[in-house]
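Please look over the sequence and the model shown below, and keep both at hand while reading.

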Amino acid sequence: MPDTTALTKSTDASAAAAQTSTTTDSGPTPGKPRSLWSDAWHDLRRNPLFLVSMVLILLLTVMSIFPGLFTSASPRDANLAEHYLQKPNWGHFFAPDWLGYDVQGRSIYARLIYGARASIMVGVIVTIAVTITGLVIGMLAGYFGGWIDTILSRITDVFFGVPFIVGAMVILTTFEERSVWVVILSLSFLGWTSIARVARGSVITIKQADYVVAAKALGASTTRIMTRHILPNAIAPVIVVATIALGGYIAAEATLSFLGIGLAEPTVSWGIDVSAAKDQLRNVPTVLIIPSVMVSITVLSFLMFGDAVRNALDPKMR
């Protein structure tokens, strides 16, 4: 008769060895899978493009909100007799004369700091406005379809066919006083079409998913389905388009101000400074180059940020 005690011990040892081998081969038990947003954030933290753009955007944001932290000079103080087109004094870091003075004897450095407020304000508010407008129109068109989709899509096509800068010029010329809010309204009126198209395409794809069909079968209301099931899953491509477009709105504001149709004095804007200095390129090129470079850096920062977000949220880019 076999020894049952020895047989039991041998069986337990074999089971333990098999469990150890399985654990070693397959590795530790995987944890809870990451969501799309946590996975995107995991990738963004390791993207140098995102980190550099975030540092620049944070610096520009602080500069626009608290310009007094960077300079004590006023951007509107002019002294033609002493400071007319005075060249930069590169040894006086962050002093009023560090970057020289413009054609009206105003500190270029001070105007550079205070000019960030108008550009950032226009870019951010226009982006929020067009994102909300385009998202609502795109979701309604994509979810309901039929005649609602036909009407909203044709309206979107009409606005999409209007050249953005030309349309903004036509709108702004009807106003005698072109403040920051007038520029924001004109750009917001024309800039929502791309987001509406992206949102519509996403909603058409998502509304056919099983969880949306199940929610309809269980009697969920249209508002609940759109806000709890469709919106969270359709928002990712909209965010990508909005972040990339933000830099374009800043460039549009600077372009309109340079043409003399956007912001006007006494508002401090980089586009206004570039327009005022365009005749001094041969005499004192820094008067034109410095605000132009600032516009380029700002637009490039938001474009890099949007590109990094696109790479993180789009599975095809992984």
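The lining of the largest pocket draws at least two residues from each of α3 (48-65), α5 (108-144) and α13 (286-313), where helices (H or I, at least four residues) and strands (E, at least two) are DSSP runs numbered from the N terminus. The model is a predicted one, in which local features need pLDDT of at least 70 and side-chain atom pairs count only at pLDDT 80 or more, while totals for chains, interfaces and linings use all residues. Residues are numbered from 1 along each chain as its sequence is written, and side-chain values use heavy atoms, with hydrogens and water left out.

Within that lining the largest share, four residues, comes from α3. The largest pocket holds about 250 Å³ of space, and of the 13 residues that line it, the closest to its centre are M63, Y109, L112, I113 and M294. On a 1 Å grid over the protein atoms alone, a pocket is an open set of points with protein on both sides within 12 Å along at least five of seven lines, a cavity is a set where a 1.4 Å probe fits but cannot get out, and lining residues have an atom within 4 Å of a point. Grid points are joined across faces, edges and corners, and a volume is the space filled by probe spheres set on the points. The pocket lining divides into 13 nonpolar residues, no polar and no charged, with Ala, Val, Leu, Ile, Met, Phe, Trp, Tyr, Cys and Pro counted as nonpolar, Asp, Glu, Lys and Arg as charged, and the others, Gly among them, as polar.

The axes of α5 and helix α8 (residues 180-190) come within 9 Å and cross at roughly 40°, axes being lines fitted to C-alpha atoms over the stretch in contact, with angles from 0 to 180 degrees between N-to-C directions. Among the residues that meet here are M121 and I125 in α5, and W181 and L187 in α8, where contact means heavy atoms within 4.5 Å. The residues of this contact divide into eleven nonpolar, one polar and no charged. With helix α6 (residues 146-160), α5 packs at an angle of about 145°, the axes lying 7 Å apart. That contact divides into six nonpolar residues, two polar and one charged.

Two backbone details remain. Most residues other than glycine have a negative phi, and most peptide bonds are trans. The peptide bond from E265 to P266 is cis, with omega near 10°, and P266 lies in the loop between α11 (222-258) and α12. L85, in the loop between α4 (80-83) and α5, has a positive phi near 50°.
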